[in-house]
Amino acid sequence: MELARMQQLESLAGEYGAPLYVYDSTVIKNQYDRLLKAFKIVKNVKLNYACKANTNLNILKFFRSIGSGLDTVSIQEVQLGLLAGFKPKEIIYTPNGVSFDEIKQAVDLGVRINIDNLSILELFGHELNDYPVCIRINPHILAGGNANISVGHIDSKFGISIYQLPHIVRVVDNTGIKVEGIHMHTGSDILDVEVFLQGAEILFNAAKKFRNLDYIDFGSGFKVPYKEGDNETDIQYLGEKLGERFNEFEKEYDKELTLMFEPGKFLVSQSGFFLVSVNVVKQTISTVFAEVDSGFNHLIRPMFYNSYHNITNLSNPKGRPRFYTVVGYICETDTFGTNRKINEIKEGDILCFENAGAYCFSMSSNYNSRCKPAEILLLDGKAHLIRRREKLEDLLTTTEEISI
Ligand SMILES: *Cc1c(COP(=O)(O)O)cnc(C)c1O
(Lines give C-alpha, C1' and ligand atoms only; values in the text may rest on other atoms or scores of the structure.)
Protein backbone atom coordinates (compact mmCIF):
# COMPACT_ATOMS: atom_id res chain seq x y z
CA MET A 1 0.00 0.00 0.00
CA GLU A 2 1.26 3.47 -0.83
CA LEU A 3 2.44 5.66 2.01
CA ALA A 4 0.01 8.47 1.14
CA ARG A 5 -2.89 6.02 1.31
CA MET A 6 -1.67 4.69 4.66
CA GLN A 7 -1.47 8.18 6.10
CA GLN A 8 -4.90 9.11 4.77
CA LEU A 9 -6.48 6.00 6.30
CA GLU A 10 -4.69 6.37 9.61
CA SER A 11 -5.89 9.93 9.97
CA LEU A 12 -9.48 8.82 9.19
CA ALA A 13 -9.22 6.23 11.98
CA GLY A 14 -8.02 9.03 14.25
CA GLU A 15 -10.93 11.23 13.31
CA TYR A 16 -13.78 8.70 13.21
CA GLY A 17 -12.44 5.96 15.48
CA ALA A 18 -12.01 2.24 14.84
CA PRO A 19 -13.32 -0.15 13.69
CA LEU A 20 -14.11 1.74 10.51
CA TYR A 21 -14.92 0.91 6.90
CA VAL A 22 -13.60 3.32 4.27
CA TYR A 23 -14.56 3.20 0.59
CA ASP A 24 -12.89 5.20 -2.15
CA SER A 25 -15.33 6.12 -4.92
CA THR A 26 -12.45 6.80 -7.33
CA VAL A 27 -11.53 3.12 -7.23
CA ILE A 28 -15.15 2.14 -7.92
CA LYS A 29 -15.35 4.52 -10.87
CA ASN A 30 -12.07 3.21 -12.31
CA GLN A 31 -13.22 -0.39 -12.15
CA TYR A 32 -16.56 0.52 -13.71
CA ASP A 33 -14.90 2.41 -16.56
CA ARG A 34 -12.29 -0.31 -17.09
CA LEU A 35 -14.96 -2.98 -17.52
CA LEU A 36 -17.09 -0.86 -19.85
CA LYS A 37 -14.03 -0.04 -21.93
CA ALA A 38 -13.09 -3.70 -22.25
CA PHE A 39 -16.40 -4.20 -24.10
CA LYS A 40 -16.14 -1.06 -26.23
CA ILE A 41 -16.66 -2.97 -29.50
CA VAL A 42 -20.23 -3.81 -28.45
CA LYS A 43 -22.81 -1.10 -29.17
CA ASN A 44 -25.12 -1.62 -26.20
CA VAL A 45 -23.48 -2.63 -22.92
CA LYS A 46 -25.11 -2.27 -19.52
CA LEU A 47 -23.50 -2.95 -16.16
CA ASN A 48 -25.82 -3.65 -13.26
CA TYR A 49 -23.99 -3.39 -9.94
CA ALA A 50 -24.80 -6.49 -7.81
CA CYS A 51 -25.61 -4.54 -4.69
CA LYS A 52 -25.51 -7.40 -2.20
CA ALA A 53 -21.75 -6.82 -2.19
CA ASN A 54 -22.24 -3.46 -0.48
CA THR A 55 -25.71 -2.04 0.12
CA ASN A 56 -24.98 1.30 1.74
CA LEU A 57 -27.55 3.64 0.17
CA ASN A 58 -24.82 6.13 -0.75
CA ILE A 59 -22.84 3.47 -2.61
CA LEU A 60 -26.02 2.73 -4.58
CA LYS A 61 -26.48 6.45 -5.27
CA PHE A 62 -22.89 6.67 -6.45
CA PHE A 63 -23.48 3.83 -8.92
CA ARG A 64 -26.59 5.58 -10.19
CA SER A 65 -24.58 8.77 -10.68
CA ILE A 66 -22.08 7.01 -12.94
CA GLY A 67 -24.76 5.40 -15.11
CA SER A 68 -24.84 1.89 -13.68
CA GLY A 69 -27.97 -0.23 -13.27
CA LEU A 70 -28.61 -2.40 -10.23
CA ASP A 71 -28.76 -6.15 -9.69
CA THR A 72 -30.81 -7.14 -6.65
CA VAL A 73 -31.58 -10.43 -4.94
CA SER A 74 -34.29 -9.50 -2.44
CA ILE A 75 -37.34 -7.25 -2.37
CA GLN A 76 -35.53 -5.11 0.22
CA GLU A 77 -32.63 -4.55 -2.16
CA VAL A 78 -35.16 -3.57 -4.84
CA GLN A 79 -36.67 -1.04 -2.42
CA LEU A 80 -33.23 0.31 -1.50
CA GLY A 81 -32.48 0.71 -5.20
CA LEU A 82 -35.66 2.73 -5.72
CA LEU A 83 -34.81 4.85 -2.66
CA ALA A 84 -31.37 5.47 -4.18
CA GLY A 85 -33.13 6.93 -7.22
CA PHE A 86 -32.84 4.13 -9.76
CA LYS A 87 -35.73 3.93 -12.21
CA PRO A 88 -37.59 0.61 -11.95
CA LYS A 89 -36.34 -0.58 -15.34
CA GLU A 90 -32.75 0.05 -14.25
CA ILE A 91 -33.17 -2.58 -11.56
CA ILE A 92 -33.07 -6.29 -12.22
CA TYR A 93 -34.37 -8.61 -9.53
CA THR A 94 -32.60 -11.99 -9.57
CA PRO A 95 -33.77 -13.90 -6.54
CA ASN A 96 -33.38 -17.56 -5.73
CA GLY A 97 -35.90 -19.62 -3.81
CA VAL A 98 -38.21 -16.72 -2.95
CA SER A 99 -42.00 -16.90 -2.79
CA PHE A 100 -44.25 -16.01 -5.70
CA ASP A 101 -45.70 -13.30 -3.45
CA GLU A 102 -42.33 -11.57 -3.24
CA ILE A 103 -41.96 -11.76 -7.02
CA LYS A 104 -45.39 -10.17 -7.42
CA GLN A 105 -44.29 -7.32 -5.14
CA ALA A 106 -41.32 -6.75 -7.45
CA VAL A 107 -43.69 -6.75 -10.44
CA ASP A 108 -45.82 -4.11 -8.69
CA LEU A 109 -42.70 -1.98 -8.27
CA GLY A 110 -42.09 -2.29 -12.01
CA VAL A 111 -38.57 -3.74 -12.00
CA ARG A 112 -37.11 -6.35 -14.33
CA ILE A 113 -37.71 -9.89 -13.16
CA ASN A 114 -35.29 -12.77 -13.58
CA ILE A 115 -36.87 -16.18 -12.96
CA ASP A 116 -34.73 -19.10 -11.92
CA ASN A 117 -37.10 -22.07 -11.64
CA LEU A 118 -39.75 -23.75 -13.77
CA SER A 119 -42.38 -23.83 -11.08
CA ILE A 120 -42.47 -20.03 -10.69
CA LEU A 121 -42.07 -19.54 -14.44
CA GLU A 122 -45.26 -21.51 -14.98
CA LEU A 123 -47.17 -19.65 -12.24
CA PHE A 124 -45.91 -16.37 -13.65
CA GLY A 125 -47.04 -17.39 -17.12
CA HIS A 126 -50.55 -18.18 -15.87
CA GLU A 127 -51.02 -15.00 -13.85
CA LEU A 128 -48.82 -12.32 -15.37
CA ASN A 129 -48.03 -13.31 -18.93
CA ASP A 130 -48.03 -9.73 -20.19
CA TYR A 131 -45.16 -8.73 -17.88
CA PRO A 132 -41.86 -9.48 -19.64
CA VAL A 133 -39.32 -11.64 -17.82
CA CYS A 134 -35.76 -12.80 -18.01
CA ILE A 135 -34.92 -16.49 -17.57
CA ARG A 136 -31.90 -17.64 -15.59
CA ILE A 137 -30.21 -20.60 -17.24
CA ASN A 138 -27.64 -22.80 -15.56
CA PRO A 139 -25.17 -23.82 -18.28
CA HIS A 140 -23.31 -26.13 -15.86
CA ILE A 141 -19.86 -24.76 -16.34
CA LEU A 142 -17.20 -24.11 -13.76
CA ALA A 143 -15.06 -21.19 -14.80
CA GLY A 144 -13.38 -20.95 -11.43
CA GLY A 145 -12.50 -23.75 -9.12
CA ASN A 146 -13.77 -23.03 -5.64
CA ALA A 147 -16.95 -25.09 -5.20
CA ASN A 148 -18.13 -22.91 -2.32
CA ILE A 149 -18.58 -19.93 -4.55
CA SER A 150 -19.34 -21.57 -7.89
CA VAL A 151 -23.01 -21.72 -8.71
CA GLY A 152 -22.93 -23.21 -12.20
CA HIS A 153 -22.26 -26.86 -11.42
CA ILE A 154 -24.71 -29.72 -11.76
CA ASP A 155 -25.91 -29.79 -8.15
CA SER A 156 -26.28 -26.04 -7.92
CA LYS A 157 -29.59 -24.63 -6.71
CA PHE A 158 -29.27 -21.66 -9.05
CA GLY A 159 -30.95 -21.26 -12.41
CA ILE A 160 -32.88 -23.64 -14.66
CA SER A 161 -30.70 -26.37 -16.10
CA ILE A 162 -29.86 -25.96 -19.77
CA TYR A 163 -30.97 -29.59 -20.18
CA GLN A 164 -34.48 -28.42 -19.32
CA LEU A 165 -34.56 -25.94 -22.18
CA PRO A 166 -37.29 -27.90 -24.03
CA HIS A 167 -39.42 -27.69 -20.89
CA ILE A 168 -38.83 -23.92 -20.60
CA VAL A 169 -39.85 -23.49 -24.22
CA ARG A 170 -43.02 -25.50 -23.65
CA VAL A 171 -43.98 -23.39 -20.61
CA VAL A 172 -43.33 -20.22 -22.62
CA ASP A 173 -45.42 -21.46 -25.56
CA ASN A 174 -48.24 -22.75 -23.39
CA THR A 175 -48.59 -19.62 -21.29
CA GLY A 176 -47.65 -16.94 -23.81
CA ILE A 177 -45.10 -15.49 -21.39
CA LYS A 178 -42.92 -12.73 -22.87
CA VAL A 179 -39.21 -13.44 -22.54
CA GLU A 180 -37.18 -10.21 -22.76
CA GLY A 181 -33.86 -11.53 -21.50
CA ILE A 182 -31.80 -14.57 -20.85
CA HIS A 183 -29.24 -14.85 -18.09
CA MET A 184 -26.50 -16.93 -16.57
CA HIS A 185 -24.34 -16.41 -13.50
CA THR A 186 -21.81 -19.18 -13.29
CA GLY A 187 -19.91 -18.54 -10.12
CA SER A 188 -17.67 -16.18 -8.39
CA ASP A 189 -14.29 -16.58 -10.06
CA ILE A 190 -13.72 -16.52 -13.80
CA LEU A 191 -10.12 -17.65 -14.09
CA ASP A 192 -10.47 -19.46 -17.37
CA VAL A 193 -11.93 -17.15 -20.01
CA GLU A 194 -12.20 -20.04 -22.50
CA VAL A 195 -14.49 -21.96 -20.15
CA PHE A 196 -16.57 -18.83 -19.63
CA LEU A 197 -16.86 -18.43 -23.41
CA GLN A 198 -18.14 -22.01 -23.67
CA GLY A 199 -20.85 -21.08 -21.18
CA ALA A 200 -21.66 -18.00 -23.25
CA GLU A 201 -21.99 -20.21 -26.33
CA ILE A 202 -24.53 -22.36 -24.50
CA LEU A 203 -26.45 -19.19 -23.65
CA PHE A 204 -26.39 -17.96 -27.27
CA ASN A 205 -27.82 -21.30 -28.39
CA ALA A 206 -30.57 -21.06 -25.82
CA ALA A 207 -31.25 -17.44 -26.85
CA LYS A 208 -32.18 -18.56 -30.36
CA LYS A 209 -35.28 -20.24 -28.92
CA PHE A 210 -36.75 -16.87 -27.94
CA ARG A 211 -37.58 -14.42 -30.72
CA ASN A 212 -38.03 -11.17 -28.84
CA LEU A 213 -35.08 -10.76 -26.52
CA ASP A 214 -33.83 -7.31 -25.59
CA TYR A 215 -30.79 -8.41 -23.64
CA ILE A 216 -28.44 -11.24 -22.77
CA ASP A 217 -27.07 -11.10 -19.23
CA PHE A 218 -23.78 -12.89 -18.59
CA GLY A 219 -23.87 -12.50 -14.82
CA SER A 220 -20.59 -11.99 -13.05
CA GLY A 221 -17.65 -13.88 -11.67
CA PHE A 222 -14.96 -11.31 -12.27
CA LYS A 223 -12.08 -12.15 -10.03
CA VAL A 224 -9.97 -9.49 -8.34
CA PRO A 225 -6.49 -10.08 -6.89
CA TYR A 226 -6.36 -10.43 -3.11
CA LYS A 227 -2.67 -10.95 -2.68
CA GLU A 228 0.50 -10.54 -4.65
CA GLY A 229 0.69 -13.03 -7.49
CA ASP A 230 -3.09 -13.56 -7.59
CA ASN A 231 -4.68 -13.59 -11.01
CA GLU A 232 -7.36 -11.18 -12.02
CA THR A 233 -9.97 -12.07 -14.67
CA ASP A 234 -8.47 -10.95 -17.97
CA ILE A 235 -11.28 -8.54 -18.79
CA GLN A 236 -9.44 -7.15 -21.80
CA TYR A 237 -9.31 -10.58 -23.42
CA LEU A 238 -12.84 -11.46 -22.31
CA GLY A 239 -14.10 -8.15 -23.71
CA GLU A 240 -12.50 -8.77 -27.10
CA LYS A 241 -13.56 -12.41 -27.41
CA LEU A 242 -17.05 -12.19 -25.99
CA GLY A 243 -17.58 -8.81 -27.64
CA GLU A 244 -16.76 -10.18 -31.11
CA ARG A 245 -18.96 -13.20 -30.60
CA PHE A 246 -21.78 -11.04 -29.25
CA ASN A 247 -21.69 -8.79 -32.31
CA GLU A 248 -21.72 -11.82 -34.56
CA PHE A 249 -24.65 -13.33 -32.68
CA GLU A 250 -26.60 -10.08 -32.87
CA LYS A 251 -26.37 -10.31 -36.68
CA GLU A 252 -27.51 -13.94 -36.68
CA TYR A 253 -30.35 -13.06 -34.32
CA ASP A 254 -31.23 -10.09 -36.54
CA LYS A 255 -32.27 -7.78 -33.69
CA GLU A 256 -30.41 -5.22 -31.60
CA LEU A 257 -29.50 -6.65 -28.20
CA THR A 258 -27.91 -5.32 -25.03
CA LEU A 259 -25.02 -7.16 -23.42
CA MET A 260 -25.38 -7.09 -19.67
CA PHE A 261 -23.15 -7.93 -16.73
CA GLU A 262 -23.85 -7.76 -13.02
CA PRO A 263 -20.55 -7.55 -11.15
CA GLY A 264 -20.38 -7.00 -7.43
CA LYS A 265 -16.92 -7.83 -6.16
CA PHE A 266 -15.10 -6.51 -9.24
CA LEU A 267 -16.63 -3.06 -8.83
CA VAL A 268 -16.31 -2.51 -5.08
CA SER A 269 -13.88 -4.97 -3.46
CA GLN A 270 -10.69 -2.98 -3.96
CA SER A 271 -12.35 0.31 -3.06
CA GLY A 272 -12.74 -0.80 0.55
CA PHE A 273 -10.44 -0.67 3.58
CA PHE A 274 -11.35 -1.98 7.00
CA LEU A 275 -9.50 -0.29 9.86
CA VAL A 276 -9.21 -1.90 13.28
CA SER A 277 -7.29 -1.09 16.40
CA VAL A 278 -5.02 -3.56 18.19
CA ASN A 279 -6.23 -4.29 21.73
CA VAL A 280 -3.65 -6.84 22.84
CA VAL A 281 -0.37 -8.25 21.58
CA LYS A 282 -0.07 -11.73 23.08
CA GLN A 283 2.95 -13.99 22.91
CA THR A 284 2.29 -17.72 23.12
CA ILE A 285 4.74 -20.60 22.83
CA SER A 286 4.17 -20.83 19.08
CA THR A 287 3.15 -17.43 17.74
CA VAL A 288 2.43 -13.80 18.45
CA PHE A 289 -1.24 -12.88 18.36
CA ALA A 290 -2.43 -9.42 17.46
CA GLU A 291 -5.92 -9.20 18.95
CA VAL A 292 -8.04 -6.49 17.35
CA ASP A 293 -11.27 -4.70 18.22
CA SER A 294 -13.29 -6.64 15.65
CA GLY A 295 -14.09 -10.18 14.61
CA PHE A 296 -16.26 -12.18 12.25
CA ASN A 297 -19.14 -9.97 13.37
CA HIS A 298 -17.63 -7.27 11.14
CA LEU A 299 -15.63 -9.22 8.57
CA ILE A 300 -16.56 -12.86 8.11
CA ARG A 301 -15.02 -13.68 4.75
CA PRO A 302 -11.73 -15.11 6.11
CA MET A 303 -13.62 -17.52 8.38
CA PHE A 304 -16.50 -18.23 6.00
CA TYR A 305 -14.73 -18.58 2.66
CA ASN A 306 -11.17 -18.87 3.80
CA SER A 307 -10.52 -15.70 1.86
CA TYR A 308 -7.31 -13.77 2.13
CA HIS A 309 -7.27 -10.07 3.03
CA ASN A 310 -3.94 -8.32 3.05
CA ILE A 311 -3.22 -6.79 6.47
CA THR A 312 -1.04 -3.69 6.91
CA ASN A 313 0.01 -1.82 10.04
CA LEU A 314 -0.87 1.80 9.26
CA SER A 315 0.73 3.07 12.47
CA ASN A 316 4.21 1.77 11.71
CA PRO A 317 4.89 2.17 7.99
CA LYS A 318 8.66 1.89 8.37
CA GLY A 319 8.64 -0.76 11.10
CA ARG A 320 10.53 -4.03 11.11
CA PRO A 321 8.46 -6.86 9.57
CA ARG A 322 7.53 -9.62 12.01
CA PHE A 323 5.13 -12.56 11.89
CA TYR A 324 1.70 -12.37 13.50
CA THR A 325 -1.55 -14.23 13.75
CA VAL A 326 -4.30 -11.63 13.62
CA VAL A 327 -7.43 -12.57 15.53
CA GLY A 328 -10.63 -10.89 16.70
CA TYR A 329 -12.29 -10.33 20.06
CA ILE A 330 -15.28 -12.64 19.49
CA CYS A 331 -15.75 -15.57 21.85
CA GLU A 332 -15.22 -18.13 19.11
CA THR A 333 -12.31 -18.83 16.86
CA ASP A 334 -12.09 -15.81 14.60
CA THR A 335 -8.75 -15.80 12.87
CA PHE A 336 -8.29 -13.13 10.20
CA GLY A 337 -4.86 -14.29 9.12
CA THR A 338 -2.20 -16.73 10.25
CA ASN A 339 1.53 -16.19 10.16
CA ARG A 340 1.31 -12.84 8.39
CA LYS A 341 4.32 -10.67 7.83
CA ILE A 342 3.33 -7.27 9.20
CA ASN A 343 5.38 -4.28 10.33
CA GLU A 344 5.96 -4.54 14.08
CA ILE A 345 2.70 -4.13 15.99
CA LYS A 346 2.17 -2.29 19.28
CA GLU A 347 -1.06 -2.18 21.24
CA GLY A 348 -3.16 0.71 19.95
CA ASP A 349 -1.81 0.48 16.40
CA ILE A 350 -4.28 0.69 13.52
CA LEU A 351 -4.31 -2.29 11.13
CA CYS A 352 -5.89 -2.16 7.70
CA PHE A 353 -7.59 -5.02 5.84
CA GLU A 354 -7.56 -4.50 2.09
CA ASN A 355 -10.21 -5.62 -0.41
CA ALA A 356 -12.86 -4.80 2.16
CA GLY A 357 -15.43 -3.19 -0.14
CA ALA A 358 -17.38 -6.32 -1.09
CA TYR A 359 -19.23 -8.79 1.14
CA CYS A 360 -17.70 -7.30 4.27
CA PHE A 361 -20.00 -4.76 5.92
CA SER A 362 -22.97 -6.27 4.07
CA MET A 363 -22.34 -9.62 5.79
CA SER A 364 -21.74 -8.14 9.23
CA SER A 365 -23.83 -8.99 12.29
CA ASN A 366 -24.33 -8.02 15.92
CA TYR A 367 -22.97 -11.28 17.31
CA ASN A 368 -21.68 -10.93 20.88
CA SER A 369 -23.94 -7.86 21.04
CA ARG A 370 -21.23 -5.82 19.38
CA CYS A 371 -22.12 -2.68 17.46
CA LYS A 372 -21.44 -2.42 13.74
CA PRO A 373 -18.67 -0.07 12.56
CA ALA A 374 -19.13 3.31 10.92
CA GLU A 375 -18.65 3.68 7.16
CA ILE A 376 -16.89 6.48 5.26
CA LEU A 377 -17.10 7.26 1.55
CA LEU A 378 -14.33 9.23 -0.11
CA LEU A 379 -15.92 11.37 -2.79
CA ASP A 380 -13.61 13.57 -4.88
CA GLY A 381 -11.02 13.02 -2.17
CA LYS A 382 -13.29 14.28 0.62
CA ALA A 383 -14.42 11.99 3.45
CA HIS A 384 -18.16 11.65 4.14
CA LEU A 385 -19.67 9.70 6.99
CA ILE A 386 -22.21 7.44 5.24
CA ARG A 387 -23.17 5.34 8.26
CA ARG A 388 -22.67 6.31 11.87
CA ARG A 389 -21.29 3.82 14.34
CA GLU A 390 -24.02 1.79 16.06
CA LYS A 391 -24.74 2.20 19.75
CA LEU A 392 -26.49 0.07 22.36
CA GLU A 393 -29.93 1.55 21.61
CA ASP A 394 -29.61 0.34 18.00
CA LEU A 395 -29.34 -3.22 19.28
CA LEU A 396 -32.62 -2.80 21.13
CA THR A 397 -34.75 -1.13 18.42
CA THR A 398 -36.61 -4.31 17.48
CA THR A 399 -36.81 -5.83 20.97
CA GLU A 400 -40.27 -5.92 22.56
CA GLU A 401 -39.64 -5.84 26.26
CA ILE A 402 -42.20 -7.74 28.34
CA SER A 403 -42.53 -7.67 32.11
CA ILE A 404 -40.91 -10.68 33.67
C1 LIG B 1 -23.86 -12.33 -6.16
C2 LIG B 1 -24.33 -12.20 -7.54
C3 LIG B 1 -23.58 -11.45 -8.45
C4 LIG B 1 -22.27 -10.79 -8.12
O5 LIG B 1 -21.22 -11.67 -7.97
P6 LIG B 1 -19.72 -11.10 -7.76
O7 LIG B 1 -18.89 -12.30 -7.62
O8 LIG B 1 -19.73 -10.26 -6.54
O9 LIG B 1 -19.38 -10.29 -8.95
C10 LIG B 1 -24.09 -11.32 -9.72
N11 LIG B 1 -25.27 -11.89 -10.07
C12 LIG B 1 -26.01 -12.61 -9.21
C13 LIG B 1 -27.29 -13.19 -9.66
C14 LIG B 1 -25.56 -12.78 -7.91
O15 LIG B 1 -26.30 -13.52 -7.06
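The points below comment on a predicted model, taking the domains, their interface, the ligand site, salt bridges and backbone geometry in turn.

1. Domain layout. The domain assignment divides the protein into domain 1, made up of 3-21 + 269-388, and domain 2, which covers 25-267. The C-alpha centres of domain 1 and domain 2 are 32 Å apart.

2. Extent of the interface. The area buried between domain 1 and domain 2 comes to about 1,900 Å², with 52% of it given by carbon and sulfur atoms. Within domain 1, the residues that lose the most area to domain 2 are Q270, Y308 and Y359, which together account for 29% of what that side buries.

3. A search for salt bridges across the interface of domain 1 and domain 2 finds 0, whereas 10 residue pairs, both members at pLDDT 80 or more, are in polar contact between domain 1 and domain 2.

4. Ligand site. The ligand is surrounded by 14 residues, of which K52, S220, E262, K265 and Y359 are the closest. A polar side-chain atom of S220 is placed 2.4 Å from an oxygen atom of the ligand, and a polar side-chain atom of Y359 is placed 2.5 Å from an oxygen atom of the ligand. For K265 the atom concerned belongs to the backbone, a N or O atom that lies 2.8 Å from an oxygen atom of the ligand.

5. Salt bridges. In the whole structure the search finds 17 salt bridges. One of them pairs E256 with K43, and their closest N and O atoms are 2.8 Å apart. This pair links distant parts of the chain, 213 residues apart: E256 sits in the loop between helix 9 (235-253) and strand 10 (258-261), while K43 sits in the loop between helix 2 (25-38) and strand 2 (45-50).

6. Backbone geometry. The peptide bond from A18 to P19 is cis, with omega near -5°, and P19 is found in the loop between helix 1 (3-16) and strand 1 (20-24). D254, a residue other than glycine, has a positive phi, near 65°, and is found in the loop between helix 9 and strand 10, the loop that also holds E256.

Definitions and conventions: Residues are numbered from 1 along each chain as its sequence is written. This is a predicted model: local features need pLDDT of at least 70, side-chain atom pairs count only at pLDDT 80 or more; totals for chains, interfaces and linings use all residues. Side-chain values use heavy atoms; hydrogens and water are left out. Domain bounds come from an automatic or database domain assignment. Buried area is the accessible area (1.4 Å probe) that two parts lose on being put together, summed over both. A salt bridge is a side-chain nitrogen of Lys or Arg within 4 Å of a carboxyl oxygen of Asp or Glu. A polar contact is a pair of N or O atoms within 3.5 Å; within protein, one must be able to donate a hydrogen and the other to accept it, and residues adjacent in sequence count only if both atoms are side-chain atoms. A residue is near a molecule or strand if one of its heavy atoms lies within 4 Å of it. Helices (H or I, at least four residues) and strands (E, at least two) are DSSP runs, numbered from the N terminus.
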